[in-house]
Amino acid sequence: MERKAIAALSIPFWAFTIFYAVFQPMPRAKFGVAFLGAIVTIYVVDEFMYADESRPRYESALLVVSGIVVLITSIYLFANFEVLISERIGFALAHEYWMATAFILAMLYLTYREFGVLFLSILLGAIVYGLFGSAIPGVLGHGGISQTRMLRVLVIEMDGFYGQLTRLVAAWLSLFLLYAGLLNAYGGFDLMIRLAVYTSKYVRSGVAQSAVISSMIIGSINGSTAANTAMTGSFTIPLMKKNGLRSETAGGIESVASTVGQVLPPVMGAGAFVMASLLGTDYGSIVIAGTLPALILVGAIAVGVHYTAVAQSAGVNVDVSEFIDGEKSRTDIGIESVQFAIPFVILVYTLGIAQYTVITAALYTVVSMIATGVGFPLLQSALGSSSVRATAKRTALQTAEGARIGVLSLAGIAIIIAAIDGVVTILLTTGVPSALTLALMDISGGVLLVAVFIAMVVSIILGLGMPTVAAYLIVALLIAPTLSGEFGVPPIAAHFFVFYCAILAAITPPIATSVAVATGIAESDFWGTSLEAIKISLPLFVLPFAFVYNPELVAGGVTPETFISAGITFVGAVSIIHGINYIHRPFGFAGYADWGLRSLFVGVGVVTMAYPSLVLRGALAVAIVLVLALQHRSKPDCRSTTDAHPVQTE
């Protein structure tokens, strides 16, 4: 009943969103107001219907009141939009101030309910900082924002919670989450898992690799590492455990795959659209820039997963049929592959080749997804013996379910983005980015390496517990301008640096949201799972430095130098993975010699990835390849694989 209610609410919401995408009958700011009011209403209804009985009853009352306040405020601002933006700039009526106060309190509670105390503290801290900046000594102090101006900035003038970032989500990101929801409902995720699992018949680490592939693909769309870990980890982690992998390893692999999926083009967890908007460049340039770094990571992590999986699952055979609903013929799988490939090809073509606007490309992708999701099954029924009427009913229900999945995925992101919009507006109003630039320059002493280390730590801290887009937005505002303005790092390289650093928060203790979710599913130790995740993904911690010191990786366009630099960087990443995860003792060395050689692999790999000299990096890459080739030709370690990495039987 509850699912039907949310589906019934989501259909008119998506109809309005598609209507705006087709006709754009109003300013985007006005559409953003309606969007936030509608999506928060749906979120509140869903939360109320699925209320956790362990929560105090007053929280349900707070939830309902908050939803009503947001809805009423949105209706008021929508109805009076033209007057507020043209006739009453700089002042407001008394009842509008009271309404804005109630709205801020409602957003504080909704932020707390969805994302906990951590982000509530960030939002409250920004408001306190804006109001009482005059009491703060030093470079971060400012003149302070009056209470009435704070209310106007955050709500009434529609530049705070209803600001640019919310409009971006409304116009660009929302339809891609509808696409993801439809892909799920029509069986696209099942097909991905099915195809990935079949590779386990031909690759020794195939079961673990299937988890990586499926999680990366799905994670590139949904924009939340924690949500993706929960979605795909529910079946990939048990699958890996049955294949002999320890609980900590299975959880670590899943959390890494879900995190790395956020950097995969063409969607990049919605980060590509936001980055293009912030940089004022076309979307295609961001996709081109992000492709080679993503391939470097995927390839290196695949090597790490192979080493780990082969070591722990040697001699273990697993029946994967229990993880897939029913058997399908190769013909059916081929037809489904075409069905889901068409919308994806349209997405890539419209965004990357035809250079359509993001909203137009998203619209075409969604329409084609519905057309193939409904049309292919109907055509199969018409040509086969099954009932066309029953198929039509089934696909209609799947479409409604896809709309429900999409709107619920969107709701949490919309709330956090609205909250961040408020934080960003306050920080811009107070001038804190410029102050932070001065502070970072002062602490680093003008040394780029020190500044980059500090920027990475700050980016990870600011990204704790937040979806990819939200984490990136904050660090892009605070850190990227410093790197590009004061240290001469190309803007696109600076933005890719903070983007990659921000997603590291998902696998970096002590928060590590993706690892925390995977730990719950795998029933593993949190710190052990975090360690496994870091061992497999260590190149991810080095690659941002490569963007800064070798910006041609992302800022060089499609040139021979870019591909040469990317190839060298990949060799360095493999060297790091090899040193940490190789299943035998390199060259049969034992004891300190083994650890010394492994450390050398890691150290040389780091230099090969990030040192600012193409000649030296190239020479080291050649040396790494030669050593790996010699090691491959040498006699393998006499110990069994299982002895090298003991397996915990579960």
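**Figure 1. Arg152 and Glu157 form a salt bridge.** In this predicted model, the closest N and O atoms of the pair are 3.6 Å apart. A salt bridge here is a side-chain nitrogen of Lys or Arg within 4 Å of a carboxyl oxygen of Asp or Glu. Arg152 counts as buried, at 12% relative accessibility. Glu157 is partly exposed, at 22%. Buried means under 20% relative accessible area, exposed means over 50%, and partly exposed lies in between (1.4 Å probe, protein chains only). Residues are numbered from 1 along each chain as its sequence is written, and side-chain values use heavy atoms, without hydrogens and water. Local features need pLDDT of at least 70 and side-chain atom pairs count only at pLDDT 80 or more, while totals for chains, interfaces and linings use all residues.

**Figure 2. Glu82 pairs with Lys30 across the sequence.** The whole structure holds 12 salt bridges. In the one between Glu82 and Lys30, the closest N and O atoms are 3.4 Å apart. Glu82 sits in helix α4 (residues 81–86) and Lys30 in helix α2, 52 residues apart. Helices are DSSP runs (H or I, at least four residues), numbered from the N terminus. Glu82 is partly exposed, with a relative accessible area of 41%. Lys30 is buried, at 14%.

**Figure 3. Glu59 forms a salt bridge with Arg113.** Their closest N and O atoms are 3.7 Å apart. Glu59 lies in helix α3 and Arg113 in helix α5, so the pair ties together parts that are 54 residues apart in sequence. Glu59 is buried, at 8% relative accessibility. Arg113 is buried too, at 8%.

**Figure 4. Four charged residues form a salt-bridge network.** The linked residues are Arg246, Glu248, Glu532 and Lys535.

**Figure 5. Thr350 is buried in helix α14.** This helix covers residues 330–353. Thr350 has a relative accessible area of 2%. A polar atom of its side chain lies 3.2 Å from the backbone oxygen of Leu347. Not counting residues up to four places away in sequence, Thr350 touches Gln355, Tyr356, Ala361 and Tyr364. Contact means heavy atoms within 4.5 Å.

**Figure 6. Ser74 is buried in helix α3.** Its relative accessible area is 4%. Leaving out residues up to four places away in sequence, Ser74 touches Val33, Leu36, Gly37 and Tyr162.

Figure 7. Beyond its neighbours within four places in sequence, Phe496 contacts Met268, Met275, Ile286, Ala289, Gly290, Phe547 and Val554.

**Figure 8. Gln24 and Glu523 have positive phi values.** Most residues other than glycine have a negative phi. Phi of Gln24 is near 45°. Gln24 is in the loop between α1 (2–23) and α2 (28–49), and is partly exposed, at 39% relative accessibility. Phi of Glu523 is about 55°. Glu523 is in the loop between α22 (513–522) and α23 (526–549). At 67% relative accessibility, Glu523 is exposed.

Technical notes
Helices (H or I, at least four residues) and strands (E, at least two) are DSSP runs, numbered from the N terminus. A polar contact is a pair of N or O atoms within 3.5 Å; within protein, one must be able to donate a hydrogen and the other to accept it, and residues adjacent in sequence count only if both atoms are side-chain atoms.
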